[in-house]
Amino acid sequence: MKVLVPVKRVIDFNVAVRVKADRSGVDLANVKMSINPFDEIAVEEAIRLKEKGKVTEIIAVSIGPAGATETIRTALAMGADRGILVKHEGEIEPLAVAKILKAVATEEQAGLVILGKQAIDDDCNQTGQMLAALLGWPQGTFAAKLEIGDGEIQVTREVDGGLQTLALKLPAIVTTDLRLNEPRYASLPNIMKARKKPIAEKSAGDYGVDPAPRLKVLEVTEPQKRRSGAKVGSATELVAHLRGVGVI
Amino acid sequence: MAALVIAEHSNAALDDATAKAVTAAIQISSPVHVLVAGSNCQGAADAAAKLSGVEKILVADDARYAHCLAEPMAELILSLAANYDAILAPATANGKNILPRVAAKLDVPQISEIIEVKSPDVFRRPIYAGNAIQTVEAKGFKKIITVRISAFAPVAMNGNAAVEKIAASADPGLSRFVGENLSRSERPELTSAKIIISGGRGLQSKENFALIERIADRLGAAVGASRAAVDAGFVPNDRQVGQTGKVVAPELYIAVGISGAIQHLAGMKDSKIIVAINKDEGAPIFTIADYGLVADLFEALPEFEKALGV
Ligand SMILES: Cc1cc2nc3c(=O)[nH]c(=O)nc-3n(C[C@H](O)[C@H](O)[C@H](O)COP(=O)(O)OP(=O)(O)OC[C@H]3O[C@@H](n4cnc5c(N)ncnc54)[C@H](O)[C@@H]3O)c2cc1C
Ligand SMILES: Nc1ncnc2c1ncn2[C@@H]1O[C@H](COP(=O)(O)O)[C@@H](O)[C@H]1O
């Protein structure tokens, strides 16, 4: 079974985000970019499935600018087999991404697609579910555990009340949550090897998808800032303050 | 035309999240209808009928909706979609799971986790873990929206909506419920609690969380946690507060042994009063705390409990 792992290039999770003065968006010039953390978890999971002999090939796909090649290389250095870069400059919405991924999944005859549950830049949490809908496949979102069985996959999901386990018919879509695994670091030899792994270059047009956004971003602003308040000397004093303002 | 709100419920009872999503829906389109899909969900349907400002409750009571599986739920919503120009769900695990599937089938974008309705076509939503707020316009197509429930007040429960039973729609039969492991707690829900006390890596162990739990019980508070505390197994996953966990905005949020990473702040910085207890004076949590106590939590928590008196 082939597995497709979509990986998005996003601002590194440690970087403090700055809104541009003209309110057009967030300043991405000269900031550190990384693979979306949930996608790194997705790559790791695919590799573990391959190590267990459940998966034959892992294809990492990224839709983004030339720099997204680095994101694919990160996945290849971890252990993915080959990459596809669908070149696109500027914003692209989850629905268009899902349409491109549908075309790729169909062309590659993938049996499983593992995505992140959420990209930490747009915080949309949509793409996997949309892809499942477009393909007519079942979805196991927010996965904390996977087990591939006979013609199906069992997914334990992080839901509001705790954990829920579903069995999905294959082919299926899975999106990762934080507890699914702890991604490995790529070793130096594997980073070297990854440089020789193939990355095909495509465009949205190659898949017949119009990448133009449908939502119009009117502005991007800073959130209201909170000011830090007072330091208190002891827990007893703290309780007195909280009683004073009537909150306890 | 009309707005449809997908109810969050436990079959027997309606979740507060529904009443908050209705508040958003009323600002977008009218009349507002609410879909209660479940199994033996009369209790939830009866409660939904009391939602103020709602005209009609649609009830699909069938075993196939017992566990809110995305595929049959999406089919059901799609069968109703033609009657509505806006479909909303609270941004709960269920809402986030189901609604994008509906949007994709309708070939429209989804607007995730709105925090404000500026006009029926213009919405504000946080991006980059709440470090920026995006204003987006959605014109010329059906609006599919998830609502950040901490950002909207619930409507009153003094309405009298009509209740209409509807037939179940096709079940694509793609997935099957196997089991669940819900973390039961007598304490209030994180997303509706007035007071939350959360612990982080600083608590060091599952056992030490008792220090937090005792205070929670004294205050009638919910217990939350940082990702680090969940990853370390101190508390179950459903307690995680943050960008990728639950977003809360209680009257009082007490963060204990939590450093205040942006991903954590994203989930609690709209709380009315924030208290931080941390032994590191430089911890970022103090930059947003109304009351900061620089202290060892193992001394501060017992003293806090004692100061609450008997
Ligand atoms: C993609 C992604 C998503 C994430 N989503 C979330 C999320 O939703 N929610 C979330 O919380 N995190 C999230 N994180 C993790 C986040 O970046 C931080 O790693 C995490 O919040 C840290 O948890 P912590 O504050 O408990 O631990 P630490 O950062 O290790 O802080 C522990 C704190 O305890 C204090 N302390 C230690 N001992 C004592 C003592 N005896 N008395 C008093 N204080 C003490 C220390 O001074 C320190 O400040 C996410 C990260 C990523 C990459
Ligand atoms: N431009 C992209 N390229 C590759 N994968 C993407 C892209 N956008 C979204 N994804 C995938 O979809 C997941 C969820 O993204 P989102 O719906 O935007 O929160 C991500 O974690 C990725 O796995």
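This tour moves from chain A as a whole to a sheet that includes strands of chains A and B.

The model is predicted: local features require pLDDT of at least 70 and side-chain atom pairs pLDDT 80 or more, whereas totals for chains, interfaces and linings use all residues. Residues are numbered from 1 along each chain as written, chains are lettered from A in the order written, and side-chain values use heavy atoms, without hydrogens and water.

Select chain A. Its C-alpha atoms fill a box of roughly 65 × 45 × 40 Å along the principal axes. The chain holds 6 helices and 13 strands (DSSP runs, H or I of at least four residues and E of at least two, numbered from the N terminus). Of its 248 residues, 52% are buried, meaning under 20% relative accessible area with a 1.4 Å probe, protein chains only.

Next, display the open, mixed sheet of 10 strands, ordered β11(A)-β5(A)-β4(A)-β1(A)-β6(A)-β10(A)-β7(A)-β8(A)-β9(A)-β11(B); strands pair if DSSP finds at least two bridges between them. β11 (199-203) of chain A and β11 (175-182) of chain B are at the edges with a single partner strand each, so one side of each lacks a neighbour in the sheet.

Finally, select residues 127-135 of chain A. This helix, α4, packs on the sheet and touches β6 (112-116), β7 (139-148) and β10 (172-176) of chain A, contact being heavy atoms within 4.5 Å.

Definitions and conventions: Axes are lines fitted to C-alpha atoms, for helices over the stretch in contact, and angles run from 0 to 180 degrees between N-to-C directions. Buried means under 20% relative accessible area, exposed over 50%, partly exposed in between (1.4 Å probe, protein chains only).
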